[in-house]
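I opened a new notebook page for this structure. Below is what I looked up, topic by topic.

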Amino acid sequence: MPRVQAVRTFSASRTIAILAVLAVGATALSAGIGYDVARRSDESLWSDQRTSLRNAVAEFRSLFGQSGQLDPRFIRMIEQSTGLQNLKFESEPDADQREMQPVLDSLGRIAGFFTWEKTHPATDTMDRLMPLIIGIVGLLIGFAGYSWWQLRRTRHELSVTEELAAQAGDVDKLTGLPNHAKTLELLDLMLAERADNEITTFAIVELDGMSDVVADLGVLGGDELIVSVANRLREALPPHARCGRIGSDEFAVTFSADNGVNAEAVVRGIVEAVGRPHWIETVVRVSAHAGFAQSPGHATTRGELTRRAELALRASAKRGPGAVVPFDPAIDTVSADQKFIQRELPRALSAGELELHYQPIVSAQGGRVVGVEALLRWTHATRGPIGPAVFIPVAEQMGLMDSLGAFVLRRALKEAKRWPDLYVAVNLSPLQVRDHAIVDLVRSALADSGVPPERLMLEITEGVLIDNPEEMVKRIQDLHALGVRIALDDFGSGYSNLGYLQRFPLDKLKIDRSFVIVLGNSANGGVIIQAIVALGRALGLSVLVEGVETEQQRVLLRLAGCDEMQGFLFAKPAPAKTIDRLLEQAKRSARAPAPAEALTG
Ligand code: C2E
Ligand code: MG
Ligand code: MG
């Protein structure tokens, strides 16, 4: 965690620097004071000595007048010596220890003595300074001790913070369960520790219809339900099993057990526990379905095990609420397709079999075309069209997304020059967004094409934001700083914590087609759309609704207040040339573009 280390280093070096500055300061101060005191005491000793000498000479003169003999060498000696204290003239000195010098009268007899005490100015100065020095040294030691203690405490606090930060990176904030990455780590561990007579089961439990639940309970209610589901999972887990939250409405359960244990019954018990009523201010029911795969029976590696559990989950979703489906090789038909795509895609990319189609985006009021969304198309020579939703995940797995993403972005910007009044929306796959190289790619593609950045709209999906919000906030800020706009695609297709939306500098919400389908079919379909449009508006985002197919939907959506629409009603995705014709036609008729049949027919 480089940031924490930097903070620690900074705080330690700051303390040491403060300490050093204080030590140097205190030493300089005491030296200065010492020097000053010594100088002053020297000066005062000198002046005392001179006064005493004058007094002693006066005393001698008062007794003997000018007739007394004062040896000038002696007077000079006294004047040049230092530290002669209490210098006086005494006729009969009695203190043995005093220094003395006899003085003769006019007859040459000893008339008395100049006496004095020999002092040691340096020692005296030291004596006087000692308490001050002791005080300063004491203070320094005290301060050093305090700083050391502070340093230790800060270091301890930092290590605790580091630990918490590391834990937070592993834990889903809402439920406290291990997150996706941690769940996979735990699975690795369980696979490595599996005993020979044990079977490791990896199950994925998915909740049904969370978007309806959120529509009924609100965002906070949805969050509470997820927490309640997480608690049910914890309670229903067999001993030594682990669970984690691996998606907005997906949980994983991993356990190793003896051959004899009926894993399907265990998973079913968990699905049933989740399906029992929850209390979120009122009774709430949510059903779930699950798929699972086992090691070593179905797979020996983590990648294969999770992929096969995912396939089983898809099969269980088809069977409906409450279904629990173990992996069966018969449902792994995708792998044959996958193998085909894996083989063919690199060739298709270099052979130019991939191209872009564009789907117009119209304004809700007036129906004018305001932008186009670039959608990747692959028409295989023998197999015919293969949908992007099928081959893009394979491209991601194969590490081809770099070249595929760069192809789409550069081609879309090149073709966007044909329509200077429109913006062009380009989809980014989760893998592309996770890689910080995307910022450089967008920058260079914009520069090469000469298209102004505000005409580029990058579409990202919700999942990518939830997995690693901290990094994604930074990534999206970096992209935004290039001047491009960001749309959140397929909004509402998975359940997610809406609180995070505010953290990202987004420009547009693209409401998922699934919300349009319920429009008109259910009484509250319109209410849900209205609520989402209002939410988008409240967050300052423009709101686009995808998948508009009927006139009735268009009218309802316009009433709900959405800004833009996209769907087969207006136009299907089509090659750039067809879009040219559409725009030409729209210009001529100066009204809303004709329905798709007219364009593509
Ligand atoms: P998306 O970005 O949500 O694109 C909209 C999808 O809905 C497109 O499917 C489009 O053809 C389809 N659509 C549009 N209007 C209607 C309608 O009225 N009714 C119905 N039923 N469908 C409609 P498509 O082209 O098959 O693309 C599927 C997904 O594949 C896209 O969803 C996008 O996530 C992904 N994708 C497509 N092109 C690219 C690309 O260049 N890069 C990346 N990373 N992903 C892409
Ligand atoms: Mg899109
Ligand atoms: Mg979409």
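**Entry 1: the metal pair**

I started with the ions: the magnesium ion (ligand 2) and the magnesium ion (ligand 3) sit 3.9 Å apart, and Asp-489 coordinates both. I counted as donors the N, O and S atoms within 2.8 Å of the metal (3.2 Å for Na, K and Ca); water is not among the atoms, so sites may look incomplete.

Which residues coordinate the magnesium ion (ligand 2)? I found Glu-373 (OE), Asn-427 (OD1), Glu-459 (OE) and Asp-489 (OD), at 2.0 to 2.2 Å. Along the sequence, I wrote their spacing as E-x53-N-x31-E-x29-D. Asn-427 is in strand 14 (residues 423–427) and Glu-459 is in strand 15 (residues 456–461), so this pair ties together parts that are 32 residues apart in sequence. My strands (E, at least two residues) and helices (H or I, at least four) are DSSP runs, numbered from the N terminus.

Are these two residues buried or exposed? Asn-427 is partly exposed at 26%. Glu-459 is buried at 2%.

**Entry 2: what I am looking at**

I noted that this is a predicted model, where local features need pLDDT of at least 70 and side-chain atom pairs count only at pLDDT 80 or more, while totals for chains, interfaces and linings use all residues. Residues are numbered from 1 along each chain as its sequence is written, chains are lettered from A and ligands numbered from 1 in the order in which they are written, and side-chain values use heavy atoms, with hydrogens and water left out.

Next I traced an open sheet with the order 1-3-2 and antiparallel pairing. Two strands pair if DSSP finds at least two bridges between them. Strand 1 (84–90) and strand 2 (99–104) are the edge strands, and each pairs on one side only. Neighbouring strands here are turned by 20° against each other on average, direction ignored.

I counted 5 bridges between strand 1 and strand 3 (residues 110–118). Glu-90 has Phe-113 in strand 3 as its bridge partner. Helix 2 (residues 72–80) packs on this sheet and touches strand 1, strand 2 and strand 3. Contact here means heavy atoms within 4.5 Å.

I then followed an open sheet in the order 5-6-4-9-10, with mixed pairing. Strand 5 (242–247) and strand 10 (324–326) have a single partner strand each, so one side of each is left without a neighbour in the sheet. The twist averages 20° from one strand to the next.

Strand 5 and strand 6 (residues 250–258) run antiparallel, joined by 5 bridges. Gly-244 stands opposite Ala-252 in strand 6.

**Entry 3: helix 7**

How many residues has helix 7 (302–319)? I found 18, reaching 26 Å from the first C-alpha to the last. That is close to the 26 Å expected at 1.5 Å a residue; the expected span is 1.5 Å times one less than the number of residues. Its buried residues include Leu-305, Arg-307 and Leu-311. Gly-320 follows helix 7, with a positive phi near 110°.

**Entry 4: cysteines**

Last, I checked for disulfides, taken as pairs of cysteine sulfur atoms within 2.5 Å. The count is 0. Cys-243 is buried at 6%, and Cys-562 is buried at 3%.

How values were computed
Buried < 20%, exposed > 50% of the residue type's maximum accessible area, 1.4 Å probe, protein only. Axes fitted to C-alpha atoms, helices over the stretch in contact; angles between N-to-C directions.
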